[in-house]
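Hi everyone, thanks for coming. I'd like to walk you through one chain today, so please have a look at the screen first.

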Amino acid sequence: MLQMSLELLSKSLINSKVIMLLRTLACYACAVSSLYAAVDWKPVFDDKPVTAAESAAIDAALPNAPIAAVQESRRILILSSTAAFRHSSIPVGKEALTKLGKATGAFETVVSDDPANFEPDVLKSFDAVLLLSSTRDFFMPHHTLRDQFTHEQWHALQLRHNRLVDNLVEYVEQGGGLVGIHAATDSCYGHKKYGEMIGGYFNGHPWNAHNNVMVAVEDPEHEVNKPVFDDLKSFEIREEIYQFRDEPYSRERLRILLSVDVERSDKVEGMKRADGDYPISWVQSVGEGRVFYSSIGHNHNMYSNPLV
């Protein structure tokens with residue numbers, strides 16, 4: 001009888017351990033599933049649609065032919081994901097860029113904020129990536145959504161963000177193209193290589209959306225400027241214009257295309273640069289790839305201005 005009791009007790013202990021193990025595995029599976037769900041998070045934005053008047057203005061501004069000979073059509077990924085301020089001009093920019101590609105035959109656009117496009121094998125299918133006023137850690141949820149995620153989920157999302165930005169930097173270094181529009185410099189402050197790649201970090205906008213700004217064409221013979229501006233030395237726009245932190249911005253590394261003619265622009269407060277240098281647009285090589293950036297793109301009508 002004692003032996004039988006011991007056997008029953010042993011079986012009971014084994015069953016208890018099995019049950020505990022199964023419960024532990026179930027909890028672990030739930031936790032892993034929760035993390036995977038977080039890492040699969042995709043942004044959704046409720047942007048106002050482009051108005052009929054804005055569409056008509058874009059159509060009127062489109063060129064009848066490409067300003068430079070098109071050797072072959074390119075495929076461009078447009079990302080406008082934002083984790084902070086979201087510009088209302090983003091939908092207008094998407095439409096203008098898509099129509100420009102079709103009108104010139106120079107490129108076709110894929111407009112998507114899906115982070116999966118920044119996995120290496122997918123990135124390779126694009127000739128260039130265009131960041132349309134992306135802000136802060138743009139593969140992350142907006143900070144107002146923070147309480148919808150656990151600490152572990154948020155950490156997993158941050159790891160994914162860092163990895164995808166690394167993928168973008170590597171893509172450019174290996175020969176991919178990158179275009180940054182307006183708030184693309186108000187992004188990824190914690191990622192040094194991103195800042196060096198895009199060329200500078202936002203440090204405020206002394207010229208607001210209602211200010212008149214005289215734009216100086218600094219490099220008229222450059223292949224980007226020449227077909228657009230020809231012999232034009234300057235032109236005026238009403239637009240929000242950025243200034244940039246001292247680092248990583250550097251004229252030694254960047255080739256400046258356009259800048260603010262401060263003396264002929266509206267007098268404003270908040271100008272922070274001791275050197276008086278307020279670039280608007282630049283290009284640079286990063287590894288085997290090339291980068292173009294322009295801070296123009298805040299106001300809706302910039303996307304129907306034939307010059308810009």
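Let's start with S133, which sits in the loop between β3 (128–132) and α5 (151–173). Helices here are DSSP runs of H or I with at least four residues, strands are runs of E with at least two, and both are numbered from the N terminus. The phi of S133 is near 55°, a positive value in a residue that is not glycine. Is S133 buried or exposed? S133 counts as buried, because its relative accessibility is 1%. By buried I mean under 20% relative accessible area; exposed is over 50%, and partly exposed lies in between, with a 1.4 Å probe and protein chains only.

Before going on, a word on where this comes from. This is a predicted model, so local features need pLDDT of at least 70 and side-chain atom pairs count only at pLDDT 80 or more, while totals for chains, interfaces and linings use all residues. Residues are numbered from 1 along each chain as its sequence is written, and side-chain values use heavy atoms, with hydrogens and water left out.

Now to C188, in the loop between β4 (177–181) and α6 (192–198). C188 is not a glycine, yet has a positive phi of about 50°. C188 is buried, with 1% relative accessible area.

While we are on loops, have a look at P248, between β6 (234–238) and β7 (255–260). The peptide bond leading from E247 into P248 is cis, and its omega is near 10°.

One more loop residue: N117, between β2 (107–111) and α4 (120–123). N117 is buried too, at 13% relative accessibility. What does N117 touch, leaving out residues up to four places away in sequence? The answer is L77, S112, V122 and L123, where a contact means heavy atoms within 4.5 Å.

Let's move to the strands. Strand β9 (residues 289–294) runs parallel to β4, and 5 bridges join them. For strands to count as paired, DSSP has to find at least two bridges between them. If you want to find this pairing on screen, look for I181, whose bridge partner in β9 is S294.

β9 also pairs with β8, this time in the antiparallel sense, over 6 bridges. Here V283 has F292 as its bridge partner in β9. The hairpin of β8 and β9 has 2 residues between the strands, and G287 takes a positive phi near 60° there.

V286 belongs to strand β8 (residues 279–286). At 13% relative accessibility, V286 counts as buried. Setting aside residues up to four places away in sequence, V286 touches V172, E173, M197 and V291. How far apart are V286 and E170 in space, C-alpha to C-alpha? The distance is 9.6 Å, although 116 residues separate V286 and E170 in sequence.

Finally, the whole chain. There are 7 helices and 9 strands, and 45% of the 308 residues count as buried. If you take contacts between residues at least 6 apart in sequence, 78% of them join residues at least 24 apart. The chain exposes about 16600 Å², and carbon and sulfur atoms supply 55% of that area. Accessible areas come from the Shrake-Rupley method with a 1.4 Å probe, and for residues only the protein chains shown count as cover.
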